[in-house]
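Here's a quick briefing to keep beside you while you look at the model. Have a look at the structure first, then read on.

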Amino acid sequence: MGNIRKAAAVGQSVWFDNIERKMLGHDGELARMIKKEGLLGVTSNPAIFEKAIAGGEAYLPIIQDPNNHELSARELFFKLAIEDIQAACDLFLPTYEESRYRDGYVSLEVSPDLAHDANGTIIEAKALWEEIDRPNLMIKVPATKAGLIAIEALIAEGINVNVTLIFSVKRYSEVLEAFFKGLEARVKVGLPILQIASVASFFISRIDAVIDPQVATKAPHLKGHIAIDNAKMAYQHFLREMEHERVKALLKAGMQPQRLLWASTGVKDPSYSETMYVHHLMGKETVNTMPPKTYSAFLEESITPYPQLESDLEVAKSRLAELKELNIDLEEVCQLLETAGVEQFVVAFDSLLSTIEKSRL
């Protein structure tokens with residue numbers, strides 16, 4: 001049994017944070033990863049598509065097709081992305097069905113320039129959902145204030161949502177509340193909720209990338225711990241929420257819990273083990289979407305995964321308290337990271353559109 005299947009036995013699903021056209025096809029790399037390695041899902045973002053389209057020739061025939069000259073760069077991007085997402089969804093359909101709608105999902109993000117536009121996000125998400133027309137699609141929506149409004153509305157519409165760019169426990173609690181409210185709206189009018197799936201993508205390594213330099217001289221023993229400790233607190237919030245009566249009522253109605261998905265799990269500090277964020281965040285009812293380097297390292301290592309997500313909780317709390325004593329406001333750091341994350345995706349999306357325009361020449 002490989003490490004991905006061992007993680008699944010612990011209760012964590014491993015997804016792959018990358019997609020490109022050359023991976024697709026029934027005899028391609030993605031099909032092999034699903035069959036041989038047990039891969040359970042795929043996530044994407046504007047930066048991933050920008051790299052894929054800029055880094056190879058697989059997309060050029062469509063970009064340079066005279067029949068597509070009337071399309072704007074944005075329209076052409078979504079044409080390319082939709083084809084890739086549909087192909088990946090089809091490869092994962094058996095996984096989706098065999099797992100009873102728990103796994104086998106492929107995520108596509110709404111345009112990042114809609115991050116602060118709730119209505120625009122809802123309109124584009126619904127259009128993508130209808131056009132892609134796959135039950136195992138997840139629409140990625142950032143966890144901004146506007147995103148929270150969109151998330152509730154989309155869940156109420158029966159659309160699977162991957163909520164992205166979550167950094168703080170406070171914002172995560174708001175995301176989970178939006179998910180519950182969306183489901184409750186469906187139950188209230190007698191609509192089914194069994195096949196609605198959602199994940200809350202909680203970002204990890206970017207937090208240490210900001211915190212580590214701030215504690216390097218004051219409290220070096222905190223380096224490499226705060227992101228994991230923060231994630232453990234989010235997981236504890238999830239466990240507490242699952243015990244509430246309103247949630248038990250939703251479970252009885254067929255709810256699939258909105259799992260925490262650990263994102264940004266590739267280490268930023270080369271002195272850290274490549275799989276540090278994988279093992280420390282191993283636990284049931286979770287997902288880890290791994291970038292290629294982390295994914296390969298996880299497959300190749302001989303360490304057997306075991307649950308660590310609920311270990312050393314008091315130590316985690318004491319480290320977070322010490323951070324506060326150092327006048328480092330984790331909530332403020334998380335808000336800055338959310339803002340920066342949206343901006344980075346906008347820049348990547350603009351670069352992507354520019355790459356498409358240049359490739360048309």
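Predicted model: local features only at pLDDT ≥ 70, side-chain atom pairs only at ≥ 80, totals over all residues.

Residues are numbered from 1 along each chain as its sequence is written, and side-chain values use heavy atoms, with hydrogens and water left out.

**Phe203**
- Phe203 is buried, at 5% relative accessible area (buried is under 20%, exposed over 50%, partly exposed in between, with a 1.4 Å probe and protein chains only).
- Beyond its neighbours within four places in sequence, Phe203 is in contact with Thr164, Leu165, Ile166, Phe167, Ala263 and Ser264 (contact means heavy atoms within 4.5 Å).
- Ile356 is 153 residues from Phe203 along the chain, and their C-alpha atoms are separated by 29 Å.

**Largest pocket**
- The largest pocket has a volume of about 850 Å³.
- Of its 42 lining residues, Asp17, Ile48, Lys51, Pro291 and Pro292 are the closest to the centre.
- Here, a pocket is an open set of points on a 1 Å grid over the protein atoms alone, where a 1.4 Å probe fits, with protein on both sides within 12 Å along at least five of seven lines; lining residues have an atom within 4 Å of a point.
- Grid points are joined across faces, edges and corners, and a volume is the space filled by probe spheres set on the points.
- Elements that each supply at least two lining residues include β5 (161-166), β6, β7 (259-263) and α15 (330-359).
- Helix α3 gives the most, with 4 residues.
- The lining has 16 nonpolar, 15 polar and 11 charged residues (Ala, Val, Leu, Ile, Met, Phe, Trp, Tyr, Cys and Pro count as nonpolar, Asp, Glu, Lys and Arg as charged, and the others, Gly among them, as polar).

**Second largest pocket**
- This one has a volume of about 350 Å³.
- Its lining takes in 17 residues, with Gly38, Leu39, Leu40, Thr95 and Glu98 nearest the centre.
- Helix α5 (73-98) provides the largest share of that lining, 4 residues.
- By class, the lining splits into 7 nonpolar, 5 polar and 5 charged residues.

**Cysteines**
- Searching the whole structure turns up 0 disulfides (pairs of cysteine sulfur atoms within 2.5 Å).
- Cys89 is buried at 0% relative accessibility, and Cys334 is buried at 4%.
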